[in-house]
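Welcome! Have the view open and follow along as we go.

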Amino acid sequence: MNTSDYTNPNDKNRDMHYLQLLSNSFPTIASASTEIINLEAILNLPKGTEHFLADLHGESEAFLHVLKNASGNIKRKVTELFAGDIRDKERKELCTLIYYPEQKIELIKASEPDIEDWYHITIHRLVAVCRDVSSKYTRSKVRKSLPEDFRYIIEELLHERTDDSDKAAYVSVIVDTIISTGRADDFIIALCNVIQRLAIDQLHILGDIYDRGPGAHIILDTMRQYHSWDIQWGNHDILWMGACAGNDACICNVLRLSLRYANLATLEEGYGINLVPLATFAMETYGDDSCEEFIPRLLKDNTMDGKTMRLTAQMHKAITVIQFKTEAQIFKRRPEWQMEDRCLLDAVDYQRKTCVLDGKEYDMKSCHFPTVDPANPSALTAEEELLMQKLHHSFRVCEKLRKHVKMLLSHGCMYNISNHNLLFHASCPLNADGSLREVEIYQGKRYSGLDLMHNIGMVVRAAFTSDTAPDLRQFAKDYFLYLWCGKDSPLFDKSKMATFERYFLSDKETYKEEKGYYFQLRDSETICDHIMDAFGVTGPNRHIINGHVPVHASKGENPIKANGKLMVIDGGFSEAYHHETGIAGYTLVYHSRGFQLVQHEPFTSATDAIQKGTDIKSTTQLVELSAHRMLVSDTDKGEELRSQINDLRQLLYAYRHGILKERK
């Protein structure tokens, strides 16, 4: 800092005010200098490992296992550390212990004849693994990751080695005392959790935690405790956020999807949503209806007796019909969306059992709609109104759902830019020529690219902000439906959502959903560069990372597109997609050496992993190797640290030239 640099007195006052605030944290030349030394050193550490996952769709067991094994990274480190020293079976046992320490210890104690010897060997091995995974972090960062009860002991063990003759007895006594005081189990559990914690520095979830699988609430409960993560909202997340905000069409869609896959665990066990009123209404209204088109899709572990299957189909149809009505009401209230052609109950000829779509008449599979008034198809009956009031209340008062949505708001948005990577769930709307498409949001205002994503995020938050103007708040609540199924929504970007057609029309040509131009053009390196330029993503090795559309790996589709500029990492975590993708999900790993894509096979269960030592079989593909080992200085964090260093150097100047006085 030089006083002659000041040309504007206000700038000088602002800078002096900032330096005075900074001096509260660093009151002396010595303290400021020490912090500069510390930050300069951090810049030269290897960058932390980032993991990117997408489209988890409620598959909590598989997701949690991938977190625990760091997408296979812990197994790789154990193999490298102990190859040739211990048998394969012992390495597998050690990995399982790291993943599931509480459960594995109980199994071992039941069968191990010399548990004290096992404790000694295991603690030393775990310390070696922990030392390896912590090697790229500062002592300060590692210390913050350690549990308070064992912080001092773990630090000592990490930084002292048994091969140092002067310290061998010291280390040995520490381990002996841990065992003799009856703290071995707790210590091993703590150490395993630290290894899991340090193996992944930052987790990016590219949307769609919800729907299909049974454990979305379990995933979000886990993320409440997770050290560092972000999410780019997916269309299914937005649907649940809309339900929480009180959008009845979103509530109906959430219920319909849960019933379609016979997956009520998240609704009933996770959030305590009362489905008895829906079941009662469905039995009374559709008791004489076969509801053939609404038989749920059962996944391999889901069994259901005939009576339950029939009731589920009746509930499925009941909420689907109400969904089409509530959607139509919003479409008519928002003519600017140009979605009134999706009010398809209006297009049905209930006498002839046909439906007119795009000027062409189609036969209906079935045409039993006891609650539809042909003169006013979108009107709810009195019974449907009462049912929706009860369901609306259940979603609105669910405290756990509100907490989870608050997490999605605080940790997420529509997009993220991280270390030269542009992350969003599905699409960036484009025109046919590849230019960014302008999309209207509210009161005729149109946006594209980054501005579009940012302003959509602002509208979403407006639905949950108490001081939002009433008109904007109502629009924001309605807008969740557009984000779910609107033609120009970055979370959908298709010509239509053919839900009605799939349920009720025989002609499969009507099921076709034309993808937007982004999906047609995204294989082009030029298009990807254009999008990244518009978002201000810089760097020679920049990328777009998406999920949303499952990659058909079994048919030879490559998740790496546009000459490496685009990575699509929806590998089908959900069991419902396994037959399409041929695999069970991807993890994109970005470490100091470059990018690796980890392809996962289906996960059996946590029980099998604990009892039999089974792990997710994963294969790793090198996507991009860096010319040099990337350091913290090459990351966004490095840029932030350099800015802090510059500020501290200005503070040093101010101290040394008497502009500010040190406070001894």
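Helix α13 (residues 235-245) packs against helix α19 (residues 399-411) with the axes 10 Å apart and at an angle of about 125 degrees. Angles of 65 to 115 degrees count as roughly perpendicular and those over 145 as roughly antiparallel, so α13 is oblique to α19. Please keep in mind that this is a predicted model.

**Helix α13 with helix α19**
- From α13, the contact takes in W240, M241 and C244.
- On the α19 side, L401, R402, V405, L408 and L409 take part.
- The crossing of α13 and α19 is left-handed.

**Helix α6 with helix α11**
- Another helix pair to look at is α6 (residues 101-111) and α11 (residues 184-199), whose axes come within 9 Å and cross at roughly 140 degrees.
- These two helices are therefore oblique to each other, and their crossing is right-handed.
- P101, E102, I105 and K109 of α6 meet D185, I188, I189, C192, N193 and Q196 of α11.
- The contact of α6 with α11 divides into five nonpolar, two polar and three charged residues.

**The open sheet**
- Seven strands form an open sheet with mixed pairing, and you can trace them in the order β7-β3-β2-β1-β15-β16-β17.
- The edges are held by β7 (412-413) and β17 (618-625); each has a single partner strand, so one side of each is left without a neighbour in the sheet.
- Within the sheet order you will find β2 next to β3; β2 (residues 202-205) and β3 (residues 229-232) run parallel and are joined by three bridges.
- To locate this pairing, look for H204, whose bridge partner in β3 is D230.

**The hairpin of β8 and β9**
- Strands β8 (residues 415-418) and β9 (residues 421-424) pair in the antiparallel sense over four bridges.
- N416 stands opposite L423 in β9.
- Two residues lie between the strands of this hairpin, and N419 takes a positive phi near 50 degrees.

**The whole chain**
- In total, the protein chain has 27 helices and 17 strands.
- Its C-alpha atoms fill a box of roughly 95 × 80 × 45 Å along the principal axes.

Definitions and conventions:
Residues numbered from 1 in each chain as written. Predicted model: local features only at pLDDT ≥ 70, side-chain atom pairs only at ≥ 80, totals over all residues. Heavy atoms only, no water. Axes fitted to C-alpha atoms, helices over the stretch in contact; angles between N-to-C directions. Parallel < 35°, antiparallel > 145°, perpendicular 65-115°, else oblique. Left-handed = near helix turned anticlockwise from the far one by under 90°. Contact = heavy atoms within 4.5 Å. Nonpolar A, V, L, I, M, F, W, Y, C, P; charged D, E, K, R; others polar. Pairing = 2+ DSSP bridges.
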